[in-house]
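Let's take a walk through this structure together. Keep the sequence and the 3D view side by side as you read.

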Amino acid sequence: MSAEHAAVADNPNIGCTGLDHRKMGMWAFLGSECMFFGSLIGTYLAYKGKSINGPGPHEILNIPLTSVSAFVLLMSSLLMVLALAAVQRNDMKWGKIWLFMTAVFGAGFVGFQIFEFTHFVHLGLTLQTNLFGSTFFVLTGFHGAHVTGGVIWLLAMWTLAMRGKLGPQDSLKVEICGLYWHFVDIVWIVIFALIYLIP
Amino acid sequence: MDSSQAAHASAAHDEGHASVQTYIRVAVVLAILTAIEIGSLYVPGLPNHALVTLILIFGTLKFALVVAFFMHLRYDNKLLTVLFVGPLVIATAIILAIMALFGAYLLLARG
């Protein structure tokens, strides 16, 4: 057995599959999240066009504004992989910058969503107004909560990096945080296409 | 776990990630796909079924690019792909089943 294989065998985080438990656990969690959001998206589509009173999606959704916020979230995914690449090559200066910028872009997306929700309430659409309101707010609200959780996680990673407690030996932690972040991005790709773009 | 163990652990599960240049190229492609996706809404005379098909294709491409390159599934162990794609297939089946149960064919029946 080589020294490298021995080190891997001694590592309690590596299981019989040869994969790190933490990374595998995150992928399993993301799999369960697929089914969670699948149920919410399915419910929205099942009730689409079945509200007996307004306002409906065509009267209220602001596609240009949401396109900007969708683009912000999409580009935050690029910043996240740049942060991971920087941490992996021990370039902590840029690692900190990209981590912070990812959190800022995420917070920007949440800001867009708060503005949108507030605007919709002023236009008379709430959770109780009709089937569209109920399914729309539950779906996009849960997504927004996930993004908020991701921003808090990113800021925690950035704080660790600022205190010198995050280095290349912790790149797996950044990668797992990144997996979660990319997941909220791909969920929004689906929500944006199915809820906002399809007429 | 010390840093040498972490490095070995990392070597055990990572089969290599894309380069920064690849990430930037993927981001440019994602931006172009998003622009076309949104722009297709403003094409005069485009039938609804064509519009829906275009949006679904571009959305799927963007989803696949992020998962393959940014989430590194293209480079990682295939077991992770199974862990994610399995539930994703089930989620898609759930969506289609709920829509069928509720007779909600609005998504594709227009135009």
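Predicted model: local features only at pLDDT ≥ 70, side-chain atom pairs only at ≥ 80, totals over all residues.

Chain A holds 7 helices and 0 strands, so to speak of its elements from the N terminus on is to read α-α-α-α-α-α-α. Along the principal axes, the C-alpha atoms of chain A fill a box of roughly 70 × 35 × 25 Å. Of its 199 residues, 44% count as buried. Among the contacts in chain A with a separation of 6 or more, 81% join residues 24 or more positions apart.

Chain B has 5 helices and 0 strands, following the pattern α-α-α-α-α along its sequence. Buried residues make up 30% of its 111 residues. For contacts in chain B with a separation of 6 or more, the share from residues 24 or more positions apart is 69%.

## Where to be careful in chain B

The mean pLDDT of chain B is 84, with 79% of its residues reaching 70 or more. Within this chain, confidence is highest in H2(B), at 96, and lowest in helix H1 (residues 3–13), at a mean of 44.

Please keep an eye on residues 1–14 of chain B, where pLDDT stays under 50. The model still has 28 contacts beyond four places in sequence for this stretch.

## A core built from both chains

Which residues touch the most other members of the largest nonpolar core? They are Leu82(A) and Ala83(A), in a core of 76 residues. Chain A contributes at least two residues from each of helix H2 (21–46), helix H4 (63–88), helix H5 (92–122), helix H6 (131–162) and helix H7 (171–197). From chain B, helix H2 (20–39), helix H3 (48–70) and helix H4 (78–101) each supply at least two residues as well. The largest share, 19 residues, comes from H7(A).

Leaving aside neighbours within four places in sequence, Ala83(A) is in contact with Gly95(A), Trp98(A), Leu99(A), Thr102(A) and Val174(A).

## How the chains meet

The contact between the chains takes 51 residues from chain A and 48 residues from chain B. On the chain A side, helix H1 (3–10), H2, H4 and H7 each supply at least two residues. H2(A) gives the most to this side, with 16 residues. The residues of the chain A side divide into 30 nonpolar, 16 polar and 5 charged.

One helix pair that crosses between the chains is H7(A) with H3(B). Their axes lie 10 Å apart and pack at an angle of about 180°, and the two helices are therefore roughly antiparallel to each other. H7(A) brings His182(A), Asp185(A), Ile186(A), Ile189(A), Val190(A), Ala193(A) and Leu197(A) to this contact. H3(B) answers with Ile55(B), Leu56(B), Gly59(B), Lys62(B), Phe63(B), Val66(B), Val67(B) and Phe70(B). Sorted by type, the residues of this helix contact are 11 nonpolar, 2 polar and 2 charged.

## Two residues with positive phi

Asn90(A) sits in the loop between H4 and H5 of chain A. Asn90(A) is not a glycine, yet has a positive phi of about 60°. Is Asn90(A) buried or exposed? Asn90(A) is exposed, because 11 other C-beta atoms lie within 10 Å, and 12 or fewer is the cut-off for that class.

In chain B, His72(B) lies in the loop between H3 and H4. His72(B) is not a glycine either, and has a positive phi of about 65°. With 22 other C-beta atoms within 10 Å, His72(B) is buried, as the cut-off for burial is 20 or more.

## A glycine beside Asn90(A)

Gly167(A) belongs to the loop between H6 and H7 of chain A. Not counting residues up to four places away in sequence, Gly167(A) touches Asn90(A) and Met92(A). Gly167(A) has 15 other C-beta atoms within 10 Å and is therefore partly exposed.

Along the chain, Gly167(A) and Ala156(A) are 11 residues apart, and their C-alpha atoms are separated by 14 Å.

Methods
Residues numbered from 1 in each chain as written. Chains lettered and ligands numbered in written order. Core = buried A, V, L, I, M, F, W, Y, C linked by C-beta atoms within 7 Å. Helix = DSSP H or I, 4+ residues; strand = E, 2+ residues; numbered from the N terminus. Contact = placed C-beta atoms within 7 Å. Axes fitted to C-alpha atoms, helices over the stretch in contact; angles between N-to-C directions. Parallel < 35°, antiparallel > 145°, perpendicular 65-115°, else oblique. Nonpolar A, V, L, I, M, F, W, Y, C, P; charged D, E, K, R; others polar. pLDDT = per-residue confidence, 0-100.
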